[in-house]
Amino acid sequence: MLSSCGSTPRTPVNTVDRARPAPPAVVNGNGVQPDRPSLSQPEPAAPAQIAPVPTVTPVEPAEPIVQVAAATQEAASAPAAPATLPEPVGAARKESFEQWLSTFEQRALDAGISAATVKLALDKARFVPRIVELDRAQPEFTRPPWAYIDGAVSQARIDQGQALIKKHQRVFNAAAQRYGVPASVITAIWGMESNFGKNFGSFRAVDALATLAYDGRRADWASRELLIALKIIDRGDIPATQMLGSWAGAMGHTQFLPSAYQRFAVDADGDGKRDIWGSIADVIHSTANFLAQSGWKTGEDWGTEVRLPANFDYARAEVKLTQPTSAWAAEGVRSLDGSPLPPLDDASIITPAGARGPAMLVGNNFRTLLKYNNSNNYALAVALLAQQIDGGSGLASSWPRELEPLSRSEVRSLQEALNAKGFQTGTPDGVAGPATRIGLREYQKSAGLPADGYATKDLLARLLGTAAPR
C-alpha cells in the first residue's frame with residue numbers, strides 16, 4: 001500500500017508476497033473498471049462488531065510484483081474540483097462538512113471505535129468535490145458489450161495473468177485447495193479490478209466515504225461503510241493514510257468495499273493483518289474466499305458459447321430464467337463444435353448484443369461472478385479472460401459491430417415512444433434497464449421482430465416513424 005502523507009512506505013511485517021502498487025495515471029473510480037454495481041452500490045447493514053479474522057497456514061515467500069515510492073496525500077485524495085457541483089441532497093444542504101464530521105465522530109465513538117483512531121482518521125478527513133462529480137456522472141454514451149470485452153480481455157492482460165500465476169503458483173495452489181476457486185478466475189478478477197495492482201485508485205477510503213455520506217445521495221450506505229472502515233483501521237490492519245482505493249470506497253488489488261473486506265478478507269501470510277493492498281497472498285486468498293462464500297461450485301464450468309435454434313424466443317434469454325442443460329438441449333440449443341453442453345443444473349441463456357450477437361449458456365459460477373459485480377458484461381469478461389488465461393479460446397461468433405450504441409438522450413426518446421404506444425418502460429431516464437427491455441420486447445413481439453430487448457437506432461427510427469440513419 002502507498003503512504004499518503006509523504007512518509008516512508010510502511011515496512012511489511014514479513015516478506016510474504018508483498019507488493020507496492022504504483023498510483024494510477026488517471027483517477028476515476030476503480031481506475032480500469034468504473035462500473036461497480038455490486039461491491040460499490042448496495043446498502044448492506046453493517047454488523048456491530050468486526051468479523052473474526054480468517055487465517056490460513058502462512059504461504060511461502062515470493063518476490064514482490066512492484067516496488068514504488070510513496071504517493072503524497074495531495075495526489076491521493078485531492079483531485080481538482082469541477083467548476084460546479086451537483087446540488088447536494090443530504091447533510092450538505094444544511095451544514096458544513098466540518099459540522100457533519102463532528103457529529104459523525106461521536107457516532108463512531110458510540111460504535112466502540114477508539115478515540116485515538118477516530119481522531120487520527122477523521123481529523124484529516126477531507127471533502128473531495130471530484131468524488132461528488134464522479135458519483136453523479138451520467139455518461140451520454142454506454143459502451144456496447146464488444147467494446148467493453150475488447151478492452152477487458154486483451155492479449156497483454158492474458159499474458160500477464162499467465163505470468164503472475166506462474167510467479168505465485170504456490171499461493172494460487174494453496175488458495176485453490178482451500179476454496180476450490182481456480183487461479184485463472186482469481187487472476188481474471190485481479191486484472192479486471194486493478195490491472196493487477198497497477199491501478200486500484202488513489203483516493204483515501206475515509207475521504208471517499210465521508211464525502212459520499214455528507215453529500216447525501218447514498219448517505220446511509222456510505223456512513224455504514226465508513227464506520228466499518230474505521231473499525232478496520234482500529235483493528236490495526238491498515239493505517240488510515242494507506243487505506244487507498246476508488247472514489248466509491250472500493251479498496252485494494254481486487255476492490256473490496258469495507259463491508260466486503262470485513263466479511264471476506266483473509267490473513268494468508270500469517271502476519272496478523274489482512275492486507276489487500278500490499279500482501280499478494282492476502283489478495284489471492286481473500287478474493288477466493290469471496291467467491292467460495294458467494295456460491296462458487298468447484299469443478300463446474302461457468303458456461304459456454306452456444307448456437308440457438310432458429311425459432312428461439314429471445315425473451316427467454318435472461319440470467320434469471322434457469323433450467324437444466326438437458327432442457328435447453330431438448331429445445332435445440334447446441335455447442336458450436338457439436339460437443340456435449342456442460343452439465344449445469346441451473347443454466348441460463350444470455351445474448352449480450354441481442355439476436356445478432358453471440359449467445360452463451362451460463363450457470364451457477366457465472367451468477368457467482370455477478371455477486372462480485374452485477375453486470376453481465378463484467379461476468380462474461382471475467383469468464384472469457386479466465387478461460388484464455390487457462391489456454392482456451394475466446395468467442396467464435398462475431399459481434400454486430402456495425403450497430404452504433406444509443407446515446408442517453410436517444411434511449412430516453414425510445415422510452416418515451418414505447419410508453420406512448422402502450423409498452424410501459426417506467427419514467428424515461430435514458431438508462432436501458434430491465435423495465436426498458438421488457439417494454440421493448442413487447443413492442444418487438446407486436447411488430448413480428450426477434451424479441452431480444454436490444455435497443456438499436458433502427459428500432460428507435462421505427463418507433464419514431466423516421467428512416468434509420470445510415
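Q: Which residues does leucine 230 touch, not counting residues up to four places away in sequence?
A: This is a predicted model, in which local features need pLDDT of at least 70 and side-chain atom pairs count only at pLDDT 80 or more, while totals for chains, interfaces and linings use all residues. Residues are numbered from 1 along each chain as its sequence is written, and side-chain values use heavy atoms, with hydrogens and water left out. Contact means heavy atoms within 4.5 Å. With sequence neighbours up to four places away set aside, leucine 230 touches Phe104, Ala108, Ile113, Thr117, Ala121 and Leu122.

Q: How many residues does the largest nonpolar core have?
A: A nonpolar core is a set of buried Ala, Val, Leu, Ile, Met, Phe, Trp, Tyr and Cys residues joined through side-chain atoms within 4.5 Å. Buried means under 20% relative accessible area, exposed over 50%, and partly exposed in between (1.4 Å probe, protein chains only). Leu230 is among the residues with the most contacts inside the largest core, together with others including Trp100 and Phe366, and this core has 102 residues.

Q: Which helix gives the most to this core?
A: Helices (H or I, at least four residues) and strands (E, at least two) are DSSP runs, numbered from the N terminus. With 10 residues, the element giving the most to this core spans residues 376-389, and that is helix H15.

Q: How many aromatic pairs does the structure hold?
A: Rings of Phe, Tyr and Trp (its six-membered ring) pair if their centres lie within 6.5 Å; planes under 30 degrees apart count as stacked, over 60 as edge-to-face and the rest as tilted. The count for this structure is 17.

Q: What angle lies between the planes of phenylalanine 97 and phenylalanine 127?
A: Phenylalanine 97 sits in helix H2 and phenylalanine 127 in the loop between helix H3 and helix H4, 30 residues apart. Phenylalanine 97 is buried, at 6%, whereas phenylalanine 127 is partly exposed, at 28%. Their pair is tilted, with centres 5.9 Å apart and an angle of 55°.

Q: How many residues apart in sequence are the parts tied together by tryptophan 302 and phenylalanine 366?
A: These rings form a tilted pair, 6.4 Å centre to centre. Tryptophan 302 lies in the loop between helix H12 and strand S3 and phenylalanine 366 in helix H14, so the separation is 64 residues.

Q: Which residue stands opposite alanine 359 in S6?
A: Two strands pair if DSSP finds at least two bridges between them. Four bridges join the antiparallel S3 and S6. Opposite alanine 359 stands valine 306.
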